[in-house]
Structures are given as structure tokens and as C-alpha cells.
Amino acid sequence: MATGSANLNVMIKAARKAARGLVRDFGEVENLQVSMKGAGDFVSRADIKAEATIKETLMEARPAYSWLAEEGGAEKGADGMHRWIVDPLDGTTNFLHGLPHWAVSIALERKGEIIAAVVYDPAKDEMFTAEKGSGAWMNDRRLRVSGRREFIEMIFATGVPFANSLNLPQTLKELAHLMPRCAGVRRWGAAALDLAYVAAGRYDGFWERGIQPWDVAAGALLVKEAGGLVGPLDDAVDPIGQGCVIAANAEVFERFGEVLASAK
Ligand code: IPD
Ligand code: CA
């Protein structure tokens, strides 16, 4: 990895520390699956603990920064310019079901723009990092979005809404429209990793509606710093704040948006 700023280093430290606890808890989850009570409460405690670990580490280094996280919500700090945006456990449903595909996601925003990002997948020991202007990295390897040009060879990722989400019918239409035109669509259940995989050239594009800032803030910078494009969907203007995001390599970005838009 390129030498990171002090902020990036503290983000990496926080992600690794939280991940150690999560990995221990993940080991317990399998045993809990068979219990009558199930693993739900246990996982939500693991999530809250991970967020507390991250907050302690980040706030010790930068006590004045503002804060936005999945579990604890928003807190305004004395420094109104900087804000940490944190998802301590992205891919909670995977974690709960014993599927080793989940991540810690931490972004740093300055004056409304994401300037540093960490997405850490402990199961595969893949640390995705980026800083504005310094490229995107996975461990020691510089990332580049895919160079594919033929739509029929491309793989896309999305999050199919569940539990009666209003976005489900539209997503199903898009899947029906997109799937015959490409090499496949994946729904792996962790948006931060979906975006990291676009940055790594593993996926050619990603889209999702009804998603939260902590799901996409870090991943969006990874994609941009790997040479890809990130934008809003539908009538939204801000892909991070309004939760309707599309990301892809620059070759296919426009076409991908058109294919989705024509799914009526
Ligand atoms: C979820 C995951 C999932 C996406 C959902 C998110 P969580 O986050 O990123 O892939 O489809 O929209 O809410 O609940 O696992 O932190
Ligand atoms: Ca999430």
C-alpha cells in the first residue's frame, strides 16, 4: 500500500481492531444457529461492540470530528468540516448466517467530500484503502477498475431489497432486463464489498437503491480512485446522501445507466 496519511493509518488501525472482535464473534455464530433463541441478539451486540471500538480509536485521534454510524447515528463535533462515516459490520445478514462475506467500512468526509476510505474483509484478509488523489489499494496491490468493453462479458452486482422494500419491484424489472444482456449479476450481501470489487475490477458495475451513506461512502471513493465512475440513480443528485447509487468502469458507466433506465 502507498504510505497513507495519519488519518488513513488510524482508520486502518480502527478497522483491524474492530475486525479482531468480530472474527471472534463470527466463530460463535455457527454454534448459535442451532439454539432456540437464534443468533440475532448476539450479532447485534457484536455490531454495537465493533462500532464502539472504532469510535474509541478514531475519536482518540481526532476528538473534534463529527460522526455518522449505522448503530449510533449522527453526532456533531466541534470540527464541522470533518466527519467519520462508519458501518462497523456491513453484510450483517451474511454474518448472522455464518457466511464469511462481510466487512468493516470507514470513510472520512471533509467539507461534504469523501477523502479517505477503508473497507476491510477479515475473512479474506483484504484491506481496501483509498485517499483522494492517491489511488485505491488492496493490501499492497494498486487497484484498477475492469477494462472490459463488451457488455455480454460483464458481471454486475446489486443488493436485491428484502422484507417488503418498496424498491423490490423496480429491482426485479432491472434484473430481468439486465441479466440476458450480461455475463451475470451477483447479490453477495455487502454493499461496501460490492463497491470494493468494482474498484478491483472483479465486478464491472454495481447499483442499488435505498442504501445508506455508511454503506457506500468508503466504497465510492475506492471506485473513483481506481478510475471508475460513481453517480446517483433516478432523480437523485447525491449518490451517497440519497442512497441511489450506480458505479462502474468508465467505459460502461453510461451504457449501464441506460440499460437500467430502460427497464420499465
Ligand atoms: C446491507 C448490505 C446489503 C445491502 C443493504 C445494506 P448491512 O448493509 O450492504 O448488501 O443490500 O442495502 O443495508 O445491513 O449488512 O450493514
Ligand atoms: Ca451496511
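Tutor: We begin with a definition: a residue is buried when its relative accessible area is under 20%, exposed when over 50%, and partly exposed in between, with a 1.4 Å probe and protein chains only. Tyr 197, at 4% relative accessibility, therefore counts as buried. Please note that this is a predicted model, in which local features need pLDDT of at least 70, side-chain atom pairs count only at pLDDT 80 or more, and totals for chains, interfaces and linings use all residues. Residues are numbered from 1 along each chain as its sequence is written, chains are lettered from A and ligands numbered from 1 in the order in which they are written, and side-chain values use heavy atoms, with hydrogens and water left out.

Student: What percentage of the residues of the protein count as buried?

Tutor: Of its 264 residues, 54% count as buried.

Student: What does the radius of gyration of the protein agree with?

Tutor: The radius is taken over C-alpha atoms, and the globule rule is 2.2 Å times the number of residues to the power 0.38. For 264 residues a compact globule would have a value near 18 Å, and the protein has 18 Å, so the two agree. The C-alpha trace spans about 50 × 45 × 35 Å along its principal axes.

Student: Which residues form an aromatic cluster?

Tutor: Rings of Phe, Tyr and Trp (its six-membered ring) pair if their centres lie within 6.5 Å; planes under 30 degrees apart count as stacked, over 60 as edge-to-face and the rest as tilted. The structure holds 11 aromatic pairs. In one of them, the ring centres of Phe 26 and Phe 95 are 5.1 Å apart and the planes stand at 50°, so this pair is tilted. It links distant parts of the chain, with Phe 26 in helix H1 (residues 6-33) and Phe 95 in helix H3 (residues 92-96), 69 residues apart. Both Phe 26 and Phe 95 are buried. Tyr 197 and Tyr 203 also form a tilted pair, at 5.6 Å centre to centre and 50° between the planes. Tyr 203 is buried, as its relative accessible area is 4%. As for your cluster, Phe 128, Trp 188, Tyr 197 and Tyr 203 form one.

Student: How many of the residues of helix H5 are buried?

Tutor: Nine of the nine residues of H5 (residues 191-199) are buried, so this helix is largely enclosed by the rest of the structure. Among them are Leu 193, Asp 194 and Tyr 197. Just after H5, Gly 201 takes a positive phi of about 80°.

Student: Which residue other than glycine has a positive phi near 50°?

Tutor: That residue is Asn 139, found in the loop between strand S7 (136-138) and strand S8 (141-142). With a relative accessible area of 28%, Asn 139 is partly exposed. Asp 125, which is not a glycine either, has a positive phi of about 45°. Asp 125 lies in the loop between strand S5 (113-121) and strand S6 (126-131), and is partly exposed at a relative accessible area of 40%.

Student: Which residues are in contact with Ala 69, leaving aside its neighbours within four places in sequence?

Tutor: Contact means heavy atoms within 4.5 Å. With those neighbours left aside, Ala 69 is in contact with Glu 51, Val 86 and Trp 214. Ala 69 lies in strand S1 and counts as buried at 0% relative accessibility. Ser 66 also has its place in strand S1 (residues 65-69), and counts as buried at 5% relative accessibility. For the protein, residues 24 or more positions apart account for 61% of the contacts with a separation of 6 or more.

Terms used
Helix = DSSP H or I, 4+ residues; strand = E, 2+ residues; numbered from the N terminus.
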